[in-house]
Amino acid sequence: MYKFIKEQHEKCKLRPDDICSFEEKFDIRLPFEMAEFYLQFNGLEIYLSKIEKDTTIFQVDAFYSIKHSFSSRLPTVDTLIEWDRMDGFIDHKMVPFAKDQGGDSYYCDSASGEIYIIRSDDIDIPIKICDTFTEFLSALDIYNGNYW
């Protein structure tokens, strides 16, 4: 299990057909490793974590759930995609999956599998964080108080 996991909410558990329905509804295909992660860890609470890219440290505060949310303060991936598509600013192939404390979201490009952070005050310039979702998960480390 990943060390950044604080708690998992079983009421948010997904079945494979939930992933298929999600992909069909939004006309996307999740990278295999992302779909597998959501089948195992949907409804996940994490410790405040960090990911480093070159010399920059980015924080990760929460993962969004697909379909079911364990918290009223966190929208689901489904809701966020609907909002993004209504706004028309975020490419339709981008799937939000996590956020930082400031409300900026991490996205997976469903076509390439690459991971980006898109800052709400600068949505025209996505910052590439990792080449794959697996790389993102492997690089994620618990915040230990030595930065920010």
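Here is a walk through this predicted model, strand by strand and then residue by residue. Residues are numbered from 1 along each chain as its sequence is written, and side-chain values use heavy atoms, with hydrogens and water left out. Since the model is predicted, local features need pLDDT of at least 70 and side-chain atom pairs count only at pLDDT 80 or more, while totals for chains, interfaces and linings use all residues.

Let's start with strand β6, residues 94-99. Helices (H or I, at least four residues) and strands (E, at least two) are DSSP runs, numbered from the N terminus. In β6, 6 of the 6 residues are buried, so the strand is largely enclosed by the rest of the structure. Buried here means under 20% relative accessible area, exposed means over 50%, and partly exposed is in between (1.4 Å probe, protein chains only).

Who sits beside β6? Strand β5 (residues 62-63) pairs with β6 in the antiparallel sense over 2 bridges, and strand β7 (residues 105-109) is joined to β6 by 5 bridges, again antiparallel. Two strands pair if DSSP finds at least two bridges between them.

S105 itself, in strand β7, counts as buried because its relative accessibility is 8%. Its side chain makes a polar contact of 3.0 Å with the side chain of Y64. A polar contact is a pair of N or O atoms within 3.5 Å; within protein, one must be able to donate a hydrogen and the other to accept it, and residues adjacent in sequence count only if both atoms are side-chain atoms. Leaving aside neighbours within four places in sequence, S105 is in contact (heavy atoms within 4.5 Å) with Y64, A98, K99, Y116, I117 and I118.

Now for the rings. The structure holds 15 aromatic pairs. Rings of Phe, Tyr and Trp (its six-membered ring) pair if their centres lie within 6.5 Å; planes under 30 degrees apart count as stacked, over 60 as edge-to-face and the rest as tilted. F97 and F136 form an edge-to-face pair, 5.2 Å centre to centre with 90 degrees between the planes. F97 lies in strand β6 and F136 in helix α4 (residues 133-139), so this pair ties together parts that are 39 residues apart in sequence. Both F97 and F136 are buried, and they belong to a cluster of linked ring pairs that includes Y38, F63 and Y106.

Y38 also turns up next to S65, which touches residues including Y38, G43, F70 and D78, not counting those up to four places away in sequence. S65 is in the loop between β5 and α3 (77-87) and counts as buried because its relative accessibility is 2%. The side chain of S65 reaches the backbone nitrogen of G43 at 3.2 Å.

There is also an open sheet of 3 strands in the order β4-β3-β10, with antiparallel pairing. β4 (56-60) and β10 (141-142) stand at the edges with a single partner strand each, so one side of each lacks a neighbour in the sheet. Between β3 (residues 49-53) and β4 there are 5 bridges, and E52 stands opposite I57 in β4.

Last stop: D124, in the loop between β8 (115-118) and β9 (127-130). D124 counts as exposed because its relative accessibility is 68%.
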